[in-house]
Amino acid sequence: MRTFRGKVLTLTVLVVLVSQLATVGSVLITARDASRARAEQQLIGGGGTFKRLVHNRRQLLTQTVRTLASDFAFKEAVATGDTNTIASVLENHARRADADLAVLADTDGNVIASTAGPAANDPGSPALIEIANEPESARSAMIISDQGYEMLTVPVLSPLPVAWVSMGFAIDNALAQHMAALAGLETTIISTTEDGLKLIGSSLPSAERALLVNAALSLGNGISDQDQAVQILRDEYLSTREDFVTGPITVFAVLQKSLGDAMAPYEALRTALIRMASITMLCALVCAVMLSRSVTRPVRDLLQAAKRMRVGNYSKKLKFSSRDEFGELANAFTDMQESIAEREHRINYQATHDGLTGLPNRLQAMELLREALLKCARIEQPLAVLIMHLRRYREIESSLGHEIGDEVVLQSAKRMRESLKEKDVLAHLEGDQFLVVLPGADRNAGLTTAETLARLLDSGLTIQNINVTLDACIGMSMYPEHGRQPDQLLRRAAVAKNDAQQSQKNVHVYQIGREARHVRQLAILGDMRRAATDNELELYFQPKIALDDGSVCGAEALLRWTHPELGEIPPAEFVPLAENAGNVGMLTEWVLRKSIAQARNWRESGLELPVAVNLSGRDLLNDKLPYLLMQILRENEVDASSLVLEITEEALVRDVDHAIMVLNYLRDMGAQISMDDFGTGYSSLSQLQLLPVDEIKIDRAFITDLPESEPNTAIVQSVIDLAHNLGLELVAEGVETVAALNWLREHGCERAQGFYISKPMPAHKVKIWVDTWSDSANKADDSLVFIPRRPTTVTP
């Protein structure tokens, strides 16, 4: 022991022995505590699972009961006392919600109908009386024939409460076993009443249930202490309480985790560790004898190298002259160091560059833009930000394949990179979008570069012997004119790019205030579907009159939108947005349903009034439009002849042949077709001859100045002659003076509408207006030129 080797041997054995004892002891203590803590966490997690299960059941129950209470047919059955229908509806809704009990009670708490039969028909049932006395809804527990139920009650309003409908799930052993299976904990459900505690469901074996109730009695209120999340109910279990239902009858669940099951892994680990420690001590003793000299130096070198790697320093290599295992370890360590350095470099590159083009991606582009802004701010230079969009890229990729699409992106990036300066930044944001940052470029320089890039790409590419033509649009924002932050400049360049797309221009510079308009447009599009369901949309109607006798011959439906935050939104703003976003079909269906329903209401009140509805270009591309219209007409028992469908000339530009096919279907159904805004669009006379139209509406631009404007007089007279020669009738819109009205009558125009006749009005005012107008028209002197008296404003 006096030798250095002996000292090393003794020290090694002592160190191994102490370390083994400390390791095994700490591991065992930690494992024991961890096992118990894991059990406690499982108990808490199981409690959370239990709460979510209860919440989900209640959500389903709440949705079903409120749907049932608001069902019109059910309300009608309640009002008429149709018990068969009530019982059938209760049974159906209870089955949908997988509920075990559904009860309908009158306002005094007396049972009208129930899915539980006579057992729930006791008029004096305290639970039902308690439910009925709640102002809006109540969730409570009730006991029927020793069977517990969790109930939810809501009023049946018409509009005041006329009855109370209650629906609930059974609370029994089956529920406890289901909860136990999902939460992974033994579950026992206990009710508390004036008579004390009562076990109404449990997943425990029968022999242990009574012990649980006795333990709950002994704990008293302590079991509901919310500050103590995990409690010990008995030595064998960890337990916690979760409230189920509160009220006159309180129901709570006791969740339990067996300590024996929780500690079983610890017992197995303890046995394994003791065996392993014994074996390790023997091996350590053998190894200590075999070791002879210090090996601290190679270990220290390796440790220093590991520390350098930990902080990211991979430049210094290990130099080891030894050819033994330590030398091989040093070489392997050096190889590993180089591999990690190479892999980190590759990962960093992939994280900041586009894998297809090798250009900086969005993340790196933002960092480069931020650096360029800081530099330009220091030297007080401007900076231009360009966002480029390849309009036809998606079309090319979908028709020619991803391989061609990728090559389009690659060649486009190559052309742009070659035309830009070295200091300029070119990044690939996504499939069809690029970002260009031009440090030091003012507005003129930025526009010049943008136009150059647009010409480069518009000149076309040749890929695999295929000539591909691109249509690039570019939005530009300027520092500091349009912002000083990278995200602000990028966002405003994107707004300018969108403006370029809509205006069909190649380059567009951001205009102050356009971002707010862009945000407003996004808000309008986002709220459009909700507006149709939340009664924010409303139809106004503008009457039409026959010019030969002054009678009211129809009304045009005009859509209005009152937004809760933005106020009145004009149709000229939200309808084009809906059409560009592909949502106009939803608006068209809403207008058709409301207009045809209103025509039915007018007919039932003695007013036969055809309704005109506008169709968009996208509507004419919808093959299902005739079937939708037929269904709506059938539902309202309205003949198609009561409907006039107005189309514009622009609506025919997309696909004339398809539009004519759809219009023929609609006309064959009996609907009248009207060409709206005639004279302002793109239709040729040959197309007009082919279109299945019944009438032409002369645009208000030609009517406003009649008869003073000689050019407009000549144009309108020509349109009237043309329409009559083609067998079509005329409607003049925008009539605002009596002179224009009488001129149109004298020159053969059949119908007219405009502010002189009436402004658009809500549906409920139309019949009153028609009656007033008819009285005024009947009093007109037939010997004179017809000048109808404008009816006074009628307030319903």
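Reader: Is C749 buried or exposed?

Author: C749 counts as buried, at 4% relative accessibility. Buried means under 20% relative accessible area, exposed over 50%, and partly exposed in between (1.4 Å probe, protein chains only). C553 is partly exposed, with a relative accessible area of 25%. This is a predicted model: local features need pLDDT of at least 70, side-chain atom pairs count only at pLDDT 80 or more, and totals for chains, interfaces and linings use all residues. Residues are numbered from 1 along each chain as its sequence is written, and side-chain values use heavy atoms, with hydrogens and water left out.

Reader: How many disulfides does the count come to?

Author: A disulfide is a covalent bond between the sulfur atoms of two cysteines. The rule asks for a pair of cysteine sulfur atoms within 2.5 Å. By this rule the count is zero.

Reader: How many aromatic pairs are there?

Author: Rings of Phe, Tyr and Trp (its six-membered ring) pair if their centres lie within 6.5 Å; planes under 30 degrees apart count as stacked, over 60 as edge-to-face and the rest as tilted. The count comes to three aromatic pairs. One of them is F541 with W602: the centres are 4.9 Å apart and the planes at 70°, so the pair is edge-to-face. Both F541 and W602 are buried.

Reader: What are the values for W769 and W773?

Author: Their ring centres lie 5.2 Å apart and their planes at 15°, so this pair is stacked. W769 and W773 are both buried.

Reader: Which ring does the charged end of R241 sit over?

Author: The ring of F252, 3.8 Å from its centre. The test needs NZ of Lys or CZ of Arg within 6 Å of the ring centre and within 35 degrees of the ring normal.
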